[in-house]
Amino acid sequence: MTPQKRLRQQLAGDGIVVAPGVYDAFGAMMAERAGFETLYLSGASISYTQLGSPDIGLTGMDEVAGVVGRIRERVDLPIVVDGDAGFGNALNVQRTVRVFERSGASAIQLEDQQLPKRCGHLDGKKLVSVGEMSGKIKAATDSRTDSDTVIIARTDAVTVEGLDAALERSEAYVEAGADMLFVEAVKTEEDMRRVIEQFAGRLPVMANMVEGGKTPVMPAAQLAGIGFKLVIFPGGLVRAIAKTMSAYFEGLQREGTTASFKENMLDFTQLNDLLGTQAILDGSKKYED
């Protein structure tokens, strides 16, 4: 079964799919080892880690596609890919979908922000017209080569035009052919329930848990009870690693050694065991003279 079909099966099942945010193959491998069955490739996290930049639209399509491909090489899990605003107009969306599919995406998320876009939990966002976004959704569904590839329509209208406008936009995106909805930066549980009440039973709706963001962070079980079918934790890994990095570098600078941090690290042997280094080397012997 393809990753696309597995994702569709997960979304059609009971409960909620929990997809941790990753930004490279190592994180994808670790998430898989922890038992997760779906991954979310966060465009914001790629910007944070690869560019040292905030999520303000600086990451390009090829950079994201490269990460998708490296993750797909390491894991066979479904990958939900953040496609930002499609990296341009409807023609750009067509190319983005084709490239992301070839790289290994199982679902592609597109949003209705003007370029350059910015993180959904930052202020000052601007939106494209409903017609332009609907065209992008149609372009995405027309250009996918696998009909099981999930096209996710995200609206950022809540913080720009209000919840009512976001729901109106979402209706248009459903009409345009979106497979899933993502109403970003919903501010209260009451509003989250309004979203679900309008679209439950018609198509799955996803939730976004951003620590310190505009949406209240809830456990997956609570979100499932409301009616969400997918929840992402897109930037939590970066925030956790940023704190660990700070402690690591501060200790090394202060002490000139990593000895005091040893209990919080894997040593050389442990890391290679984790990566399966010896098995890879052993497998290569059959190609030697």
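This is a short tour of a predicted model, stop by stop, with something to select at each one.

**Stop 1: α2 and α4**

Start by selecting residues 25-33, helix α2, together with residues 61-74, helix α4. Their axes come within 8 Å and cross at roughly 40 degrees, so the two helices are oblique to each other. If you turn the view to look through the pair, the crossing is right-handed. Now show side chains: on the α2 side pick Ala25, Ala28 and Met29, which meet Arg70, Ile71 and Arg74 of α4. Sorted by class, this contact has 4 nonpolar and 2 charged residues, with no polar ones.

**Stop 2: a salt bridge**

Next, select Asp76 and Arg6, which form a salt bridge with their closest N and O atoms 3.5 Å apart. Asp76 sits in the loop between α4 and β3, while Arg6 belongs to helix α1 (residues 3-12), so the pair ties together parts 70 residues apart in sequence. The count for the model comes to 20 salt bridges.

**Stop 3**

Select Asp84, in the loop between β3 and α5 (90-103). Phi of Asp84 is positive, near 50 degrees, and this residue is not a glycine. Then move to Leu115 and Pro116, where the peptide bond joining them is cis, with omega near -5 degrees. Pro116 lies in the loop between β4 (107-111) and α6 (130-143).

**Stop 4: α8 and α9**

Select residues 163-176 for α8 and residues 189-199 for α9. How far apart are the axes of α8 and α9? The distance is 11 Å, and the helices pack at an angle of about 30 degrees. That angle makes α8 roughly parallel to α9, and the crossing is right-handed.

To see the contact, show these side chains:

- In α8: Leu163, Asp164, Leu167, Ser170, Glu171 and Val174.
- In α9, meeting them: Asp191, Arg194, Val195, Gln198 and Phe199.

By class, the contact between α8 and α9 has 5 nonpolar, 2 polar and 4 charged residues.

**Stop 5: α11 and the glycine after it**

Finish with residues 236-255, helix α11, which has 20 residues. From first C-alpha to last it reaches 29 Å, close to the 28 Å expected at 1.5 Å a residue. Step on to Gly256, which follows α11 and has a positive phi, near 70 degrees.

Notes: Residues numbered from 1 in each chain as written. Predicted model: local features only at pLDDT ≥ 70, side-chain atom pairs only at ≥ 80, totals over all residues. Heavy atoms only, no water. Helix = DSSP H or I, 4+ residues; strand = E, 2+ residues; numbered from the N terminus. Expected span 1.5 Å × (residues − 1). Axes fitted to C-alpha atoms, helices over the stretch in contact; angles between N-to-C directions. Parallel < 35°, antiparallel > 145°, perpendicular 65-115°, else oblique. Left-handed = near helix turned anticlockwise from the far one by under 90°. Contact = heavy atoms within 4.5 Å. Nonpolar A, V, L, I, M, F, W, Y, C, P; charged D, E, K, R; others polar. Salt bridge = Lys/Arg side-chain N within 4 Å of Asp/Glu carboxyl O.
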